[in-house]
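Visitor: I am new to this structure and would be grateful for a close look at a single part of it. Please take the nonpolar core as the subject and describe what surrounds it.

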Amino acid sequence: MGGLLILKWLEGFLPPVTFLAILWVLLESKGTRQSARWALAGFLAAEAVLQGGIYNLSSSTELVLTLLPLTFYLPAILGAHLLSKYPFLPTAVAWLFALLCQELLLTERKLLLGIQLRGTVWPWVLGGFLLLSAVGMIAVLLLFFRKPFRASAGDLSGGWASLLFLPIMLLALYSYLLSDTGNAVMLFLLFLTALAAVLVTARMISSLNAQRQARDSQLQVEALRQDYVLLQKKLELGRRYRHDVRHHMLALSALIQQEKGDEALDYVSRWQGQMAQLEQHSWCRNPVINAVISAYQA
């Protein structure tokens with residue numbers, strides 16, 4: 001009985017916290033990090049008051065858990081869209097992905113409830129295993145998934161809309177099956193399905209990031225190619241000007257011998273202007289940025 005109570009408590013506490021933690025890991029706030037922390041603290045305080053009030057009025061934990069989609073998840077999702085610096089689609093993928101991860105935990109929790117073990121130590125072992133799963137999931141996302149997600153979130157040229165379909169369909173399936181089934185085999189299959197969906201979604205987002213990097217590399221190569229072509233043109237002009245130096249010197253000598261100093265100065269000025277076109281400017285140390293600026297300047 002104690003094990004059931006511990007796992008029941010974890011059911012109410014762990015999924016919402018995991019959901020918020022995943023949103024915190026994936027999304028970035030429009031404002032400063034400090035303002036985002038204050039917004040999160042205010043949300044948690046308001047939720048504590050709200051959920052405590054519902055429990056005091058009903059004295060029913062089941063009612064509190066039943067109302068969580070309206071009293072917790074919906075405000076959290078609206079707040080994520082309001083505060084996120086990313087567009088609508090990447091933000092929607094973030095909270096759908098967080099919901100998938102939470103369903104994975106809920107399925108694992110039902111599997112643990114189905115394990116018939118006796119003794120005082122087992123409830124803590126099972127509860128600790130569930131908590132460890134949540135912490136491990138968040139750590140993996142933080143180390144391996146946050147960077148590609150954030151790098152791709154600002155680029156809407158990828159397939160963000162297609163990423164919405166898989167989690168939406170699976171969440172609809174879970175809302176129907178997870179509350180009704182008590183079959184261990186079915187629960188295990190649901191667990192594997194949720195795990196596969198999480199991995200596939202993560203892989204698709206990593207693929208979007210790889211495509212973005214490939215496009216950026218192509219743009220960089222094109223900028224360097226244009227800079228190389230411009231340099232080749234300048235080298236060709238340099239060869240021509242060096243070939244014509246003798247003619248320029250003869251023209252200057254003739255003007256000086258004719259005591260046409262003003263015309264000679266004007267000739268030198270125009271010659272210097274032509275030579276300035278051969279200079280290769282270095283605007284910054286980054287070769288790609290330097291190539292882009294040089295191309296625009298040319």
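Guide: The model shown here is predicted. The chain holds twelve helices and zero strands, and buried residues account for 35% of its 298 residues. Of the contacts between residues at least 6 apart in sequence, 76% join residues at least 24 apart.

The largest nonpolar core comprises 51 residues, and Phe19, Phe97 and Phe149 are the ones with the most contacts inside it. At least two residues of this core come from each of α1 (2–26), α4 (68–83), α5 (88–113), α6 (122–153), α7 (160–163), α8 (165–177) and α9 (184–243). The largest share, 13 residues, is supplied by α5.

Apart from its neighbours within four places in sequence, Phe19 is in contact with Phe72, Tyr73, Ala76, Ile77, Trp95, Ala98, Leu99 and Gln102.

The pairing of α4 with α5 deserves attention next. The axes of these two helices come within 10 Å and cross at roughly 150 degrees, and the crossing is right-handed. On the α4 side, the contact is made by Tyr73, Ile77, Ala80 and His81, while α5 brings Phe88, Thr91, Ala92, Trp95, Leu99 and Gln102. Sorted by class, these residues are seven nonpolar, three polar and no charged. Among the residues of this helix contact are Tyr73, Ile77, Trp95, Leu99 and Gln102, each of which is also in contact with Phe19.

Terms used: Residues numbered from 1 in each chain as written. Predicted model: local features only at pLDDT ≥ 70, side-chain atom pairs only at ≥ 80, totals over all residues. Heavy atoms only, no water. Helix = DSSP H or I, 4+ residues; strand = E, 2+ residues; numbered from the N terminus. Buried < 20%, exposed > 50% of the residue type's maximum accessible area, 1.4 Å probe, protein only. Contact = heavy atoms within 4.5 Å. Core = buried A, V, L, I, M, F, W, Y, C linked by side-chain atoms within 4.5 Å. Axes fitted to C-alpha atoms, helices over the stretch in contact; angles between N-to-C directions. Left-handed = near helix turned anticlockwise from the far one by under 90°. Nonpolar A, V, L, I, M, F, W, Y, C, P; charged D, E, K, R; others polar.
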